[in-house]
Amino acid sequence: NKKVTFVEWCPTGFKIGLNEIPPAVLAKDEVAPAAINAVSIGNNTAISRVFSERISKKYDLMYSQRAFVHWFVGEGMEEGEFAEAREDLGFLEKDYLDVLTDQATDADE
């Protein structure tokens, strides 16, 4: 069963961004230097690990240490918005988990 399933809140399926600023080059990095950046976000379940393993963990770590919170509050953001943003990220993770579960169920049938 070769079926592609998208989450409902992103009907276009993908997003591509171009940036004319060259990426940072790190010592001992295996990525070759480039003049421009291109980013593509595909609306499929492979992106779920980015949210669960990278973004959520880093957000939790930074917020637990109150890193950069004072800057955002100084610009007019309320501290309650941080908790709301984390909750939204949790819902996003759950949406992708639901799609993965549905795909596994469809494959079993």
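Trainee: Where is the place of Ala-46?
Mentor: Ala-46 sits in the loop between strand S2 (37–42) and H1. Helices (H or I, at least four residues) and strands (E, at least two) are DSSP runs, numbered from the N terminus. Before we go on: this is a predicted model, where local features need pLDDT of at least 70, side-chain atom pairs count only at pLDDT 80 or more, and totals for chains, interfaces and linings use all residues. Residues are numbered from 1 along each chain as its sequence is written, and side-chain values use heavy atoms, with hydrogens and water left out.

Trainee: Okay. Is Ala-46 buried or exposed?
Mentor: Ala-46 counts as exposed because its relative accessibility is 54%. The cut-offs are: buried under 20% relative accessible area, exposed over 50%, partly exposed in between (1.4 Å probe, protein chains only).

Trainee: What separates the C-alpha atoms of Ala-46 and Leu-100?
Mentor: A distance of 9.5 Å, and along the chain the two residues are 54 residues apart.

Trainee: Let's zoom out. How many helices and strands are in the chain?
Mentor: You'll find 3 helices and 2 strands. In sequence order the pattern reads β-β-α-α-α. Of the 109 residues in the chain, 13% are buried.

Trainee: Which residues make up the largest nonpolar core?
Mentor: That core has 5 residues: Ile-47, Phe-51, Leu-89, Leu-92 and Tyr-96. Helix H3 (residues 80–108) gives the largest share of this core, 3 residues. By nonpolar core I mean a set of buried Ala, Val, Leu, Ile, Met, Phe, Trp, Tyr and Cys residues joined through side-chain atoms within 4.5 Å.

Trainee: What does Phe-51 touch?
Mentor: Leaving out residues up to four places away in sequence, Phe-51 touches Ser-56, Leu-89, Leu-92, Glu-93 and Tyr-96. Contact here means heavy atoms within 4.5 Å.

Trainee: Ser-56 is on that list. Where is the place of Ser-56?
Mentor: Ser-56 is in helix H1. With a relative accessibility of 2%, Ser-56 counts as buried. Its contacts, neighbours within four places in sequence aside, are Phe-51, Arg-86, Leu-89 and Glu-93.

Trainee: And which side chain does the side chain of Ser-56 make a polar contact with?
Mentor: The side chain of Glu-93, at 2.3 Å. A polar contact is a pair of N or O atoms within 3.5 Å; within protein, one must be able to donate a hydrogen and the other to accept it, and residues adjacent in sequence count only if both atoms are side-chain atoms.

Trainee: Let's stay with H1. How does its span compare with what 17 residues should give?
Mentor: At 1.5 Å a residue, H1 should span 24 Å, and its end C-alpha atoms are 23 Å apart, so the two agree. The expected span is 1.5 Å times one less than the number of residues.

Trainee: Where is the kink in H1 centred?
Mentor: On Ile-55, and the kink is about 30°. That bend is the angle between axes fitted to the seven residues ending there and the seven starting there.

Trainee: What follows H1?
Mentor: Arg-66 does, with a positive phi near 60°, and Arg-66 is not a glycine. Arg-66 lies in the loop between H1 and helix H2 (69–74). Phe-68 is in the loop between H1 and H2 too, and has a positive phi of about 70° without being a glycine.

Trainee: New topic, rings! How many aromatic pairs does the structure hold?
Mentor: It holds 4 aromatic pairs. Rings of Phe, Tyr and Trp (its six-membered ring) pair if their centres lie within 6.5 Å; planes under 30 degrees apart count as stacked, over 60 as edge-to-face and the rest as tilted.

Trainee: Why is the pair of Tyr-63 and Phe-82 stacked?
Mentor: Because the planes of the two rings are at 20°, with the centres 5.4 Å apart. This pair links distant parts of the chain, with Tyr-63 in helix H1 (residues 48–64) and Phe-82 in helix H3, 19 residues apart. Tyr-63 is partly exposed at 25% relative accessible area, whereas Phe-82 is buried at 9%.

Trainee: What about Phe-68 and Trp-71?
Mentor: Phe-68 and Trp-71 form a tilted pair, 5.2 Å centre to centre with 55° between the planes. Phe-68 is partly exposed at 36% relative accessible area, and Trp-71 counts as exposed at 54%.

Trainee: Last one: which residues do ring pairs link into a cluster?
Mentor: Tyr-59, Tyr-63, Phe-72 and Phe-82.
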